[in-house]
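Colleague: I have this structure open for the first time and would like to learn how to read it. Could you take me through some side-chain features, one at a time?

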Amino acid sequence: MEEVTFVGEALPFEERIELPNWGRRATTIKDYQRYLIGTVENFREFWANAARELEWFQPWTAVLEDGEHPYVTRWFPGAKTNISHLCLDRHVRGSRKNKVALIWEGEPRDEVGNPREVRKYTYYDLWREVNRVAFALRSKLGLVRGDRAAIYMPMIPELPIILLALARLGVIFSAVFSGFSADNLALRIKDLEAKVLITADGFYRRGKVLRLKETADQAASSSGIIQNMVVVRRVGLEVKMREGRDVWLHDLLSAVPPTSGVEPERLESDYPLYVLYTSGTTGGPKGIIHDHGGYAVLLHTTMKEVFDIKDEDVYYCTADIGWVTGHSYIVFGPLIEGATTMMFEGTPDYPAPDTWWSIVERYGVTVFYTTPTATRMLMKFGNDPVKKHDLSTLRLIHSVGEPINPSAWYWLFEHVGGKRCPVGSTWWMTETGGIMISYAPGTKLVPLKPGANGPPLPGIDADVVDEAGDPVPQGKKGFLVIKKPFPGMPSPPTGMWGDPERYASVYFEKFPGKGYFYAGDYAVKDVDGYIWVAGRADEVLKVAGHRIGTYELESALVSHPAVAEAAVVARPDPVKGESPIAFAVLKEGRHPTPELTAELRRWVRERFGAIAEPSDVFFVTRLPKTRSGKIMRRLIKAVASGSQLGDITTLEDEGAVDEVKVAYQEFVKAMGRG
Ligand code: WTA
């Protein structure tokens, strides 16, 4: 077997952990594999059955309308729905009307560490709020079906409320992570041609107040197309409101009569719900489109299978709603199920490293969804913060965003889950909209393997293939693909906002004629059919689970007056999984200095966002390139991670690699001395 390691650990392919006392659904791997094969062979029927468990304004005329290409496959054509109806209206008519839908905690704590602000919304509360907001947005700002809105908001309850209100109106939204820079926000506003931007005055982060409206103002001005900005008062900051453009949400709502509501727009199943921008190897961010109907079906199914969600659960996903995990598994997934979903404004280690565990204890959280980076960060504080709290309510734990190394898996399993809870690593991506590969304890529980993603989910035809698209032997590394369409896949006819050709070429042309969706990841399939995703096969970085394009960071660097050329690569990081480092070629007459290093790091932070600040900048006089002039980041990455260079036959100038080596080794030496 080709060795696959993660953060210095070899993966224990052979290890199996059985949880005989967990539920009644344990099965053997063989039986489960047989069941999976059936669901894939009859995948149309499988997904039609799943879709029947939801409510539709109008039924579909076909489960799947095969297009000429897989990327124009339409799910549930003819059907009408609205995800806001599925998340709210469906529940308020029944016994969940006064069930708690959303629990929110603000970051600020009192002297003994208790939250200063907690808000709970029942399904009925949420339904009323969403109706009021939708009514205000439509009547005061004239937002209607097909309009586009950009969202730049912190983790406050108004965020899911606004997303649901926009969905209700059929307004296509793009939520942009509140840690992103004004440049990043402006880029998205322009691509989407959004006419409205919804933001907040500011928010709390590690005890400080961050002024969000100012960044939103910069983005709105530089995009030049924002007609209205709606501002939520979170902190009570003095902010400049531009006459005629800006309006406070509470002012918009104050004039809304209490009985006002908006019936959900009856939308085609594949009508766009949102556009979420994500990074690739080349070019700017790609606007991935997800729809109302197919997406809801995938979320419904995965909430059942992966999270085994039940009415009595308190479900807590620690992501930020600015990323796909938050869209799918804080807001839409749990609300479709009528679950109680927990939302927290702050970070896991502020003011103390037991903040998350205190939340689990306070609300009796049963299902916990987190990330490997956060787990590794919390592990560093030892077990005392965990032991301080009663975590006995937990029954299920999953992680997402990057491969989980076995020791982080064990820590979650032993110390957080008390060896009672299945622990999984759910593989999926912005493009898939929902989980594709994971244990499915809600269907059947199979033996767990520390670090594995598990078998593909029912109905999902995931496989590991070689360059030719043929399955690789078990235990051998290959490319992860999904061979059959699935509901929730980027919504046709375009898949990617404004760029159907790019959608087709990035995801479907790696294996010509096969129609496979290419994920861009390396993976290994073991003897039991479990998939182990080993990391990106392209040059995309995964920093603390956040997906960052090398191209985007390099563009930020070369926009600095001193920089002629730049290459950004990932260096393995014991906590964040990967951290970006940059190699820069300076313009004539500019010289490397420690001040310039600091300035370039700050430059990237300001232009991109703090998450992408390079941990180091190295200066070289040339970058390793192919004869056709393409930067060979693979070689630079190999130097920085101390691995073999591999094939260098296409390299134009070996001296360039030596220079990278020298620059890097000097740094390593200096660190060693320091
Ligand atoms: C990686 C996040 C291993 C993978 C939902 C994928 C994972 C990319 C896992 C998508 C996991 C996500 N194990 N790798 N459990 N989950 N990845 O779009 O490289 O931010 O292609 O979506 O994250 O990142 P994205």
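Predicted model: local features only at pLDDT ≥ 70, side-chain atom pairs only at ≥ 80, totals over all residues.

Colleague: Which ring does the charged end of Lys510 sit over?

Modeller: The ring of Tyr518, with the charged end 5.2 Å from its centre. There's another case to look up: Arg266 lies over the face of Phe57, at 4.2 Å from the ring centre.

Colleague: While I'm at Lys510, which residue does it form a salt bridge with?

Modeller: For a salt bridge, look for a side-chain nitrogen of Lys or Arg within 4 Å of a carboxyl oxygen of Asp or Glu. Lys510 has Glu467 as its partner, and their closest N and O atoms are 3.6 Å apart. The pair joins distant parts of the chain, 43 residues apart: Glu467 is in the loop between β23 (462-465) and β24 (477-482), and Lys510 is in the loop between α15 (500-508) and β25 (517-525).

Colleague: Are these two buried or exposed?

Modeller: Buried means under 20% relative accessible area, exposed means over 50%, and partly exposed is in between. Glu467 has 55%, so it is exposed, while Lys510, at 27%, counts as partly exposed.

Colleague: How many salt bridges does a search of the whole structure find?

Modeller: It finds 50. One of them brings together the side chains of Asp311 and Arg96, at 2.9 Å from N to O.

Colleague: Which elements hold Lys637 and Glu578?

Modeller: Their side chains meet in a salt bridge as well, 3.8 Å from N to O. Lys637 lies in helix α18 (residues 633-641) and Glu578 in strand β30 (residues 577-586), so the bridge ties together parts 59 residues apart in sequence. Lys637 is partly exposed at 31%, but Glu578 is buried, with a relative accessible area of 18%. Salt bridges can also link up into a network, as Arg16, Lys449, Asp526 and Asp528 do.

Colleague: On to the rings. How many aromatic pairs does the structure hold?

Modeller: There are 44. To read one, check the distance between ring centres and the angle between planes, where over 60 degrees counts as edge-to-face. The rings of Tyr503 and Phe508 have centres 5.5 Å apart and planes at 75 degrees, so that pair is edge-to-face. Tyr503 and Phe508 are both buried.

Colleague: What about the nonpolar core: which residues touch the most other members?

Modeller: Think of a core as buried nonpolar residues joined through side-chain atoms. The largest one has 160 residues, and Ile151, Leu166, Tyr329, Phe332 and Trp357 touch the most other members. Helix α5 (residues 158-169) gives the most to this core, with nine residues. At least three residues come from each of domain 1 (20-96 + 290-536) and domain 2 (124-265). To see a piece of it, click on Ile151: its contacts beyond four places away in sequence include Leu159, Ile162, Leu163, Leu166 and Phe173.

Colleague: Where does Glu193 lie?

Modeller: In the loop between α6 (182-192) and β10 (196-200). Glu193 has a positive phi, near 55 degrees, though it is not a glycine, and at 54% relative accessibility it counts as exposed. Ala544 has a positive phi too, near 50 degrees; look for it in the loop between β27 (540-543) and β28 (546-549).

Key: Residues numbered from 1 in each chain as written. Heavy atoms only, no water. Phe/Tyr/Trp six-rings, centres within 6.5 Å; stacked < 30°, edge-to-face > 60°. Buried < 20%, exposed > 50% of the residue type's maximum accessible area, 1.4 Å probe, protein only. Lys NZ or Arg CZ within 6 Å of the ring centre and 35° of its normal. Core = buried A, V, L, I, M, F, W, Y, C linked by side-chain atoms within 4.5 Å. Helix = DSSP H or I, 4+ residues; strand = E, 2+ residues; numbered from the N terminus. Domains from an automatic or database assignment. Contact = heavy atoms within 4.5 Å.
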